[in-house]
Amino acid sequence: MSERQIQLEVLRYNPETDSEPRFQTYSVPCLNEWVVLDALNYVKDNLDPTVSYRWSCHMAVCGSCGMMVNGEPKLACKAFIHEYGDQIRVEPLANFPIERDLVTVVDDFIGKLASVKPYLIPKEDKPVSAGEYKQSPVELKTFKQYTLCINCMLCYAACPQYGLVPEFIGPAAISLAHRYNQDSRDGGREQRQEVIASHDGVWECSFVGACSEVCPKHVDPASALQQVKVASTIDWYKEHLMPWMKK
Amino acid sequence: MSRKPYIREMSKTNWFFSQPRYTRYMAREVTCIFILAYTILLIFALKNLADGPEAYAGFLEALNSPLGILFNLAALVGAVYHSTSWFNVTPQAMPIQRGEEFVPGNIIVGAHYGGWALISLIVLFLGV
């Protein structure tokens, strides 16, 4: 187990005393097998207990430890020290306000996520006695990758459109809306379209594709958004050119 | 404890230089200007053609000037970059599911290149 001394630059911001954030550097003896989160935990436990950051599972499942590592949105628990040089700079996720140190204000995302109704809205209610809603492996495959989203918000930090237009519903929320729209058991598409096919919805996306490049779970939000654009465009043509098709 | 979230403003004018992937995106978007410019040139060619043989000969002569050749070369490079960068993202925009599998992306991209080659050959055939 080789050990390496890392200079960990952490963006610090204390809302009670600071007018703006500043970098503080810690010298951390790291094992090569460590991830950035381990280095932060070392700082918290041994050097400076005032450093604030979110984390929980340490295994890329909870989506809590998203932060900018050398300018790139990463899960701190999945950013291996051996992939970096001796100087590592960590900052709070871009495009989100800083609450304190590496902790961001995520209310905006949570609100948007709720607005797209990311849950099954059955086509018709049926009693439990009528049995389960069945789904074939083929139907599952259509949307399965989008179920892997862990709401870590790295895609929002990578998305320049979200940075420029904060009203944009954004990659993860629209992808999750798409996930349920594609679900054979679901009947809630019309309700979700009101949000995701609006001006602040999918039409703010200009297909930069950064969301898909940074996703730690290999979800492809950019693909979901383009598919929503295609489906919404077909809706529009149906409505305007074939009004008799409308129910 | 009082809350005072700090907002980091994003540069509205040079954000696309901050990351290579943003620069690549901007290059894809900006090169559409060459497509527009060449379309205008084609419309201009049609106008000259309608104006008679002399006007059209003058137009062809202008195209053969160093400036005309330079413009054509620049338009070609811009159009190729624009088109290929879009071809390469088509599997994301139009995934095709066959049973439990998705058609591999390189087949969808390849089909676009194939279509492009075919149309180019037809145009070449019509031109000679």
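Some ground rules first. What you see is a predicted model, in which local features need pLDDT of at least 70 and side-chain atom pairs count only at pLDDT 80 or more, while totals for chains, interfaces and linings use all residues. Residues are numbered from 1 along each chain as its sequence is written, and chains are lettered from A and ligands numbered from 1 in the order in which they are written.

Let me start with chain A as a whole. It has nine helices and seven strands. Here helices (H or I, at least four residues) and strands (E, at least two) are DSSP runs, numbered from the N terminus. Along its principal axes, the C-alpha trace of chain A spans about 70 × 40 × 30 Å.

How much of chain A is buried? Of its 247 residues, 40% count as buried. A residue is buried if 20 or more other C-beta atoms lie within 10 Å of its own, exposed if 12 or fewer, and partly exposed in between, with the C-beta atoms placed from the backbone. As for contacts, two residues are in contact if their C-beta atoms, placed from the backbone, lie within 7 Å. Of the contacts in chain A with a separation of 6 or more, 65% are between residues 24 or more positions apart.

Next, the domains. Chain A is divided into domain 1 (3-104) and domain 2 (107-245); such bounds come from an automatic or database domain assignment. The centres of the two domains of chain A, taken over C-alpha atoms, are separated by 31 Å. Where they touch, 13 residues of domain 1 are in contact with 12 residues of domain 2. On the domain 1 side, β3 (66-69) and β4 (72-75) of chain A each supply at least two residues.

A:Leu8 is in strand β1 (residues 3-12) of chain A. With 23 other C-beta atoms within 10 Å, A:Leu8 is buried. Leaving aside neighbours within four places in sequence, the contacts of A:Leu8 include A:Thr25, A:Val28, A:Val43 and A:Ile88. A:Leu8 and A:Val28 are 20 residues apart in sequence, and 6.8 Å apart in space from C-alpha to C-alpha.

Two histidines deserve a mention. Most residues other than glycine have a negative phi. A:His58 has a positive phi, near 60°, and A:His218 also has a positive phi near 60°. A:His58 is in the loop between α1 (36-47) and β3 of chain A, and with 17 C-beta neighbours inside 10 Å it counts as partly exposed. A:His218 is in the loop between α8 and α9 of chain A, and with 8 such neighbours it counts as exposed.

Then there is helix α6 (residues 171-181) of chain A. Of its 11 residues, 11 are buried, so the helix is largely enclosed by the rest of the structure. The buried residues of α6(A) pack against α2 (107-115), α3 (137-143), α4 (154-158), α7 (189-196), α8 (210-214) and α9 (221-241) of chain A.

On to the contact between the chains. It takes 25 residues from chain A and 20 residues from chain B. On the chain B side, α1 (20-30) and α5 (90-93) of chain B each supply at least two residues. The most come from α1(B), with three residues. By class, the chain B side has 11 nonpolar, four polar and five charged residues.

Last, inside chain B, the contact of helix α2 (residues 32-50) with helix α3 (residues 53-64) of chain B. Which residues meet there? B:Ala45, B:Asn48 and B:Leu49 in α2(B) meet B:Ala55, B:Tyr56 and B:Phe59 in α3(B). That contact has five nonpolar, one polar and no charged residues.

That is the end of the tour.

Definitions and conventions: Ala, Val, Leu, Ile, Met, Phe, Trp, Tyr, Cys and Pro count as nonpolar, Asp, Glu, Lys and Arg as charged, and the others, Gly among them, as polar.
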